[in-house]
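Hello,

Here is the structure for you to look over. My notes follow below it.

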Amino acid sequence: MSEAMVKLGASPEVDHGGGWMRRLNLGTAIAGGVILGAIGWFFAHHFTDSTDPRVSDQVTLITLACWAIGFMVGIGAFNGPIRWLTGRDQTHADEMFLAGKDQGVSRYFRFTTDHKVVGIQYLVATMLLLGCGGTLAMMIRTQLITPHSTFLGPQTYNSIVGLHGIIMIIATIIMVTGPFGNFILPIMIGARDMAFPRLNALSFWLLAAAIPVLLSAGFMGGIPTGWSGYAPLADQAPPGMDGYLMAIIIFAISSAVAGANITTTVLTMRARGMTWNRTPIFIYGTVASVGLALPALPMFMSAQVLLAVDRTVSGKFYDAAGGGSPWLYQNLFWLFGHPEVYVILVPAVIALMELTPVFARKPLYNFNAAVLGIVGIVGLSVMVWAHHMYASGWAPDLNGPFMLTTEMISVPTGVLFLVVIGTIWRGKIWTTIPMMATYAMLWNFIIGGVTGIYLSDVPADYDLHGSMFVTAHFHYTLMGAGLTGAIGALFYWFPKMTGRMLSHKLGLVSFWMVQIGFNVVFLGMFAVGLAGQPRRVFTYDHMFAVGNFVSSIGAYVIGLGMLVLLYTVISGWRRGPIAPSNPWGGKTLEWAVPNPIPLENFEVLPVVISDAYGYGEGDVSPGHWVEPAEPLEPAHAGAGAPDVETSTVPLQEGRAE
Amino acid sequence: MTITTSMDDASNRARRFVRRRDVRQVFLLWLALTVVLVVFGATVPARLMGAGASPSMHAIKNTMTLFSIAAAPVAAVVWAIALYSLIAWRHRGNTQPESDGPPLRTNKPAAVLWILLSSVLCVFLLIWGLAEMGSVDAAGATSDAMVVDVTGQQWVWTFSYPQEGNIESDQLYLPVDKPVVFHVTSKDVIHSFWVVQLGIKVDANPGETTTTSVVPDRIGVYDVRCAELCGLLHADMETNAHVVSADDFNKWVADNGGQSS
Amino acid sequence: MVLGMAATVGGGVIVVALTGTILWRGSAQASPLYATVKGTADTPQGVLPHAFLTIDTYPDSMAGEHGSDGGAHPDWVSYGPSSDLRVPAHALVTVTINQYDGGETITNPYFASVHGTVDGTETVNGKSVTKVDPDAVGHTFTIHAAPTNQDPLFVSVPLPAVPDDTPNAPNSDYPPPNVVTFSFITGGPGDYVWNCEFPCGDGYYAKFGGPMATRGYMSGTLKVS
């Protein structure tokens with residue numbers, strides 16, 4: 001029993017309702033969702049007019065919303081607020097329980113607030129989504145392996161294309177900020193947990209609630225629109241569209257919560273001495289990404305809410321005949337859609353930027369330029385959205401200004417390249433998988449970025465918009481740079497997150513299969529796009545046959561490579577060699593904590609005295625952090641008092657290497 | 001005693017820099033990659049896009065070629081350094097290197113030069129793009145242009161010629177070398193009217209009319225495709241654009257019950 | 001390790017293959033309807049084999065390819081008996097459509113006219129016309145496809161509506177149909193699609209959702225071989 005509990009007074013600790021609260025887990029969440037969803041369905045049927053042609057949409061949306069609320073009730077998301085409102089706030093024991101203390105594997109299936117648990121949960125969710133999206137990609141490329149395949153009918157194919165897209169977009173939005181932004185970031189800034197641990201769990205479980213909603217779309221007639229869900233086609237769509245739009249609404253809430261949490265954590269909970277100059281670049285990139293997501297995701301959400309109004313009560317927001325405008329949807333969507341690609345890209349590239357100094361054994365080159373590059377990209381990205389609408393006819397006079405802003409983004413993007421190649425310059429290149437990911441990013445992102453310049457040119461876009469060229473361009477950036485960066489980050493931080501090393505040999509096999517397969521697929525796709533193949537077509541002209549065949553073969557290679565990666569991760573997690581606490585010789589704070597990481601990360605909160613890039617500076621370098629002479633107070637009441645004895649160890653030089 | 005100004009200092013540093021072995025080798029690598037990429041950029045995109053049939057499409061192809069050539073040295077510098085680093089600076093062995101690399105943190109001149117060059121390139125691409133956009137958007141938009149009304153309906157394109165007696169057709173016929181303006185609309189969802197070899201594309205929106213224009217300059221049969229997912233048979237929403245001589249066009253009009261203007 | 005790798009990769013391949021099989025089965029069309037060839041005919045393109053095809057349009061899906069209970073959407077209008085039509089190449093194809101459904105004003109008058117038939121006409125209940133009243137169109141039958149390495153084929157015929165107050169024919173669930181007949185000449189082998197271009201998907205935006213946008217109801221394939 002810790003001292004803290006005795007301090008509460010004479011009466012012994014009583015578990016107020018701890019019994020049922022502590023029994024809530026994924027199972028009760030699903031039960032809650034199903035029960036409330038069924039109730040919602042029943043009442044929706046009862047109170048809606050069954051002759052209304054829109055009744056199936058009304059019932060579907062109500063049912064899905066009830067599922068989500070029931071799921072959140074079942075996982076215990078409302079416990080904290082309810083307990084606080086009824087005056088029986090959670091006790092320290094409750095908070096320790098919620099943080100997963102001494103619970104083993106079961107804490108991963110509960111509303112656990114420990115950021116390390118949430119990070120692992122996000123990692124598994126990302127892998128699940130990538131698996132679903134990847135399977136759909138295999139379907140797509142199988143259909144397109146010959147010009148007039150009868151493998152899939154047109155509505156099935158269109159649905160698969162749309163679902164593949166939205167599943168992958170959600171997966172790539174969370175793939176770096178989810179696992180690593182949650183697990184690594186608080187440790188990297190020298191904090192014990194996030195600023196809002198309960199919101200941390202909330203953001204994950206909202207995502208978990210949204211995933212079945214999204215997948216249900218496939219069983220309710222699918223979506224005919226592609227992942228962008230353009231109205232008015234989305235208005236015409238079967239009830240699967242309701243699954244899509246409800247999943248987006250839930251996901252937008254999840255992102256907003258996570259974004260507020262990460263931003264507050266970084267702004268207020270950095271270790272003492274961690275000035276902005278000493279803050280690792282990964283922190284900048286993550287904050288930039290979630291900070292960008294905070295205004296962007298609500299635009300997507302509002303586009304879907306208006307669509308829901310159109311679909312359920314014939315709202316006419318997007319119906320020109322009723323006074324609305326189809327261009328309204330496009331503007332709302334792309335106000336989200338363009339910042340969103342940087343939400344995806346920036347954390348992945350920044351994670352690579354964080355790990356490159358470690359494997360080149362050199363400081364990060366031009367740190368200030370890196371920060372300016374990130375700020376420039378994020379700032380400009382909110383001003384370029386209508387380059388997706390050059391051919392829409394919405395505002396032809398604005399095509400020129402949007403071309404200007406879009407081409408301007410190439411300058412801060414170029415700065416990021418300078419930082420990476422400057423870090424590599426004259427380094428001691430240790431070719432681990434994370435470092436190879438950096439090189440793959442350098443190849444893929446150049447191609448992706450240059451082809452983006454083509455698309456930013458208005459007349460060229462008149463030819464290329466809506467063709468497979470666009471598809472190849474965004475796969476090169478989001479997958480070639482984005483997913484590659486996430487895989488590099490995984491191999492880099494896996495030893496810290498799980499205490500085991502991933503196999504380098506297996507990693508090599510998977511890396512080369514995925515990268516070579518990837519380039520084969522999408523270089524072939526550039527070719528057919530230039531030759532005139534439109535996007536999202538289930539059959540195509542014979543003249544595109546060779547390019548598509550080549551692309552499909554490459555896709556199968558990616559699929560096999562990703563399965564090898566899956567095995568690598570599973571076998572590494574279960575039986576990989578035990579990792580030392582700092583296998584790569586990194587200097588950032590996460591490498592300073594031992595494996596397994598204590599519940600509250602640090603016995604004693606460190607004091608930062610310099611940045612984390614002091615490679616090559618030998619004895620002159622002060623190192624990134626030291627242990628203070630007297631331990632600092634706990635970071636935040638929310639995180640709870642550290643469950644350890646206070647330490648009186650005198651000042652020590654702590655080199656993080 | 002030699003007195004050196006800071007300018008001499010900087011230029012001395014620069015001279016020492018370019019005489020270094022690794023810098024020279026990277027430069028040679030960069031040169032080789034640039035040549036390869038320029039050859040690629042000058043030939044492949046234009047070849048893949050096929051022969052254009054209007055000045056607009058020729059301009060687009062020129063842009064793609066020019067941008068590819070301009071991108072070549074940029075891509076080459078990144079790839080040359082990346083490649084060279086794997087050849088010359090690679091740490092052999094699978095454990096952490098015993099010592100670190102040199103502590104190079106900041107190089108303001110390099111950053112400034114890099115940002116300056118990329119900004120100049122950006123401005124150049126922009127000016128080119130604006131000029132080209134002006135000429136392409138104005139092509140065919142003259143007062144004597146023929147008007148064709150394009151209607152997209154799920155999942156068929158139909159064309160109507162108001163100046164030729166309102167004849168209607170599912171095939172697009174155009175006389176060569178005559179400017180033509182398309183008024184494009186949709187009866188239901190958003191489609192996109194794309195005549196591939198003429199290099200024009202504009203969305204067909206319900207309740208709105210959008211416009212594009214072009215001057216076809218080569219006789220032939222070209223592809224009209226829908227470029228915006230519009231539902232079930234989006235892939236089949238294609239037809240042909242026939243650019244024919246003026247005489248053949250008049251004959252076609254007459255055959256369809258119209259009168260040539 | 002080899003066993004684990006084989007299990008993971010093999011397992012993944014099986015999952016993908018299973019998904020593909022389920023989706024393939026789900027997309028499968030009803031059994032095809034073949035045109036019957038009877039003799040030859042004199043056409044502007046010479047003497048060609050003469051093929052005959054009869055299909056119907058219904059105000060619901062009880063009588064088409066979805067079974068007598070109407071399948072998943074019994075109230076959707078549908079073509080029948082199959083949406084997968086097969087006709088011979090280089091032939092004169094005469095199609096008879098029994099149109100049982102009502103209708104209203106067509107949105108695009110282009111489709112109220114006959115296009116692509118041999119002489120530009122269709123026969124409605126015995127009378128030869130080149131277009132029908134655009135205010136009383138039931139459906140259209142429009143054949144089209146991407147012009148890719150196959151002979152182009154574009155045929156569109158409007159099918160007039162049966163007035164709403166017509167009583168059902170004796171021993172039938174439907175009123176007497178409008179019988180529409182038209183002929184067109186097929187080119188070489190190819191895959192084409194057909195769909196109705198008169199929006200009749202009530203309750204959907206632009207009335208083009210639901211049956212209009214689902215293969216097997218108001219949309220199908222035409223294979224020329």
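Start with one pair. Arg105(B) and Glu617(A) form a salt bridge, with their closest N and O atoms 2.7 Å apart. A salt bridge here is a side-chain nitrogen of Lys or Arg within 4 Å of a carboxyl oxygen of Asp or Glu.

A word on the basis. This is a predicted model, so local features need pLDDT of at least 70 and side-chain atom pairs count only at pLDDT 80 or more, while totals for chains, interfaces and linings use all residues. Residues are numbered from 1 along each chain as its sequence is written, chains are lettered from A and ligands numbered from 1 in the order in which they are written, and side-chain values use heavy atoms, with hydrogens and water left out.

Chains A and B

The interface of chain A and chain B has 4 salt bridges. It also has 30 residue pairs in polar contact, both at pLDDT 80 or more. A polar contact is a pair of N or O atoms within 3.5 Å; within protein, one must be able to donate a hydrogen and the other to accept it, and residues adjacent in sequence count only if both atoms are side-chain atoms. On the side of chain A that touches chain B, 52 residues are nonpolar, 24 polar and 13 charged. For these classes, Ala, Val, Leu, Ile, Met, Phe, Trp, Tyr, Cys and Pro are nonpolar, Asp, Glu, Lys and Arg are charged, and the others, Gly among them, are polar.

Contact (heavy atoms within 4.5 Å) takes in 89 residues of chain A and 83 residues of chain B. The two chains bury about 7,300 Å², and carbon and sulfur atoms give 65% of it. Trp425(A), Arg426(A) and Tyr462(A) supply 10% of what chain A buries there, more than any other three residues. Buried area is the accessible area (1.4 Å probe) that two parts lose on being put together, summed over both.

Chains C and B

Here 22 residues of chain C meet 20 residues of chain B. About 1,800 Å² is buried between them, 59% of it on carbon and sulfur atoms. Tyr110(C), Pro147(C) and Phe208(C) supply 29% of the area that chain C buries against chain B, more than any other three residues. How many salt bridges are there between chain C and chain B? The count is 0. Polar contacts link 5 residue pairs, both at pLDDT 80 or more.

Cores

The largest nonpolar core has 242 residues, and Ile281(A) and Trp493(A) have the most contacts inside it. Such a core is a set of buried Ala, Val, Leu, Ile, Met, Phe, Trp, Tyr and Cys residues joined through side-chain atoms within 4.5 Å. Buried means under 20% relative accessible area, exposed over 50%, partly exposed in between (1.4 Å probe, protein chains only). Helix H14 (residues 326–360) of chain A gives this core the most, 20 residues. Helices (H or I, at least four residues) and strands (E, at least two) are DSSP runs, numbered from the N terminus. A second, separate core of 85 residues includes Trp157(B), Val180(B), Ile55(C) and Ala145(C).

Backbone

Two cis peptide bonds to check:
- Gln154(B) to Trp155(B), omega about 5°.
- Gly80(C) to Pro81(C), omega about -5°.

Ser314(A), not a glycine, has a positive phi near 50°. Ser314(A) is partly exposed, at 32% relative accessibility.

Best wishes
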